[in-house]
Amino acid sequence: MISRLGSGGGALVAVALAGVIAATLIANQPIRFPLDDAYITIANAQQIVTGAVDSYGYTRPTGATSLVHMLLLVPLGLVMAWPAASLTLAMLAASAYVLGLYQALLTISGHRGVAILGSIAGFAGIKLWYQLMNGLETGFAMAAVIWTVYLAQFPDDPARRRWLAGLIGVLPFIRPELALLTAVLAIAAAARLYHQPAQLAQLARLAALTLGVAALLAALAWAATGELVPQTAGAKVAFFGDGGLSLPDRLLIVLLSVATAPLGWVLLGLAALPMVRDGWALLAFVGAYLLASVLSLPSGLMHNEQRYLFIFVPLALAGWAALAARADVMRGRAPMIVSAGAALMIASFFLGGWSFYRDSLRITADQEQLAAWAKRNLPRDARVLIHDAGYFGWQTDFALVDVVGLKSPDSITAHRRWTLPSAGKERGRAVDEIARKARVTHAVILDRPFWGDIAGHLRKAGWQLDPLRAGPDDDYHVYRLTPPQQRAARRE
């Protein structure tokens, strides 16, 4: 059936993607990103090129979650402006993702309409374009997941098996938690080939390929950052302090995260994954991923518009495609019903997905104004406490201290001492300890719930905060800080 479907569907998907990319290039001028962390990656890639000490006092990149994303950004940054390079990379990742999605959905469903609508829905569903263009590794993670699914559908094709083995070795360096996907697929492949003694030599060669790719990337990670496993996850676990919550509370947070996800109903397609080849292994990955979140950072699934759940979208779409291929499901109307669901996802792009992405860029506009204001108004020797450590660190030369710990790993120790054991109740003590140790003179704090509490933590610890930039239209407020001991000396 697949051979009779032709290639016109792929062209239609490509035209739709090109249209959204063109609209993005027009609307996103000057180039901005909806998440501050995008500028951490930009600054890290730039530091690899220049070898300079960054604003946080480090000679190597810190806060680099995705080695692959950071290294791919470097050559692009040599030939174009860094924001343009990051946006170009995001668009390339989105293109790889959509191409893999079309191939996978067509292979699994055997239905061109399902593949076309599912592929367009895969990038145009509500908040999907926002995530694909967030300047982080999200697009690469989604692309890697769906290409893994596609390649797994051809167990008897030696070339595709080699590509799959190589990709499995890359996964943990795209995003660390994808090591779980590497593990379950490796176990599934080993179990399948173990019962076929004639295939053991092939298994050994594939395992060697996987390990060789992983070893090469591990060496690059060590050379570039001085660490094999990024500290970013550990920093977030310590700062947000979910580990101090009871197990029922952590389970509830994960369940709420999934239930309230922007594409929550789409994730129901995960239940059909066993219909896909290696589907049980893919479903085991989903379960292991959620379990790891329960045990470490359940609230992380809520962060940044629940971006960490979006790697499940290609898996869920593969499940829906498998359902569409079953003639005995839904009285033979499964392709029509699945296609209608995909059409609803596409409609959501026009009803709110596009405007949400466009409006999300406003936060960077305020950061641009903040950086320009700081250069004019802060003393050159200011030591600034900050939590959104990307854009400000990239665009200014002040000595900075990241209170979260992504860019200032020394902050992690304080949060492990105070924040983590208390489930966040003693975060103020950690903030005070970090500020005292670093001898900060100023603070930049986002005036929003949770982050705005940092100002309160400092005041409670005895710090004096004098607002320097705190207008009603300012997202980021700037304070001059006076430590408790100096306030006491002044009173005397």
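Let me start with N304, which sits in helix 14, residues 303-306, and which, in this predicted model, has a phi near 50°, a positive value in a residue other than glycine. Because its relative accessibility is 29%, N304 counts as partly exposed, the range for that class running between 20% and 50%.

There is a second residue of this kind to look at, namely D278, which is not a glycine and yet has a positive phi of about 65°. D278 belongs to the loop between helix 12, residues 247-259, and helix 13, residues 279-295. Is D278 buried or exposed? Its relative accessibility is 16%, and since buried means under 20%, D278 counts as buried.

While we are on the backbone, please also find Q29 and P30, which are joined by a cis peptide bond with an omega of about -5°. P30 is placed in the loop between helix 1, residues 8-27, and helix 2.

Now let me step back to the chain as a whole. Its secondary structure comes to 22 helices and 5 strands. The radius of gyration is 24 Å, close to the 23 Å that the globule rule gives for 492 residues, and the chain is therefore as compact as a globular protein of that length. Along the principal axes, the C-alpha trace spans about 85 × 50 × 50 Å. Of the 492 residues, 55% count as buried, and, if we take the contacts with a separation of 6 or more, 71% of them are accounted for by residues 24 or more positions apart. The accessible surface comes to about 21,000 Å², and 62% of that belongs to carbon and sulfur atoms.

By class, the lining of the largest cavity divides into 6 nonpolar, 7 polar and 4 charged residues.

The second largest cavity has a volume of about 50 Å³. Which residues line the second largest cavity? They are A261, P262, L263, L267, Q306, L309, F310 and V313, and by class that lining has 7 nonpolar residues, 1 polar residue and no charged ones.

Notes:
Residues are numbered from 1 along each chain as its sequence is written. This is a predicted model: local features need pLDDT of at least 70, side-chain atom pairs count only at pLDDT 80 or more; totals for chains, interfaces and linings use all residues. Side-chain values use heavy atoms; hydrogens and water are left out. Ala, Val, Leu, Ile, Met, Phe, Trp, Tyr, Cys and Pro count as nonpolar, Asp, Glu, Lys and Arg as charged, and the others, Gly among them, as polar. On a 1 Å grid over the protein atoms alone, a cavity is a set of points where a 1.4 Å probe fits but cannot get out, and a pocket is an open set with protein on both sides within 12 Å along at least five of seven lines; lining residues have an atom within 4 Å of a point. Grid points are joined across faces, edges and corners, and a volume is the space filled by probe spheres set on the points. Helices (H or I, at least four residues) and strands (E, at least two) are DSSP runs, numbered from the N terminus. The radius of gyration is taken over C-alpha atoms; the globule rule is 2.2 Å times the number of residues to the power 0.38. Buried means under 20% relative accessible area, exposed over 50%, partly exposed in between (1.4 Å probe, protein chains only). Contact means heavy atoms within 4.5 Å. Accessible areas come from the Shrake-Rupley method with a 1.4 Å probe; for residues, only the protein chains shown count as cover.
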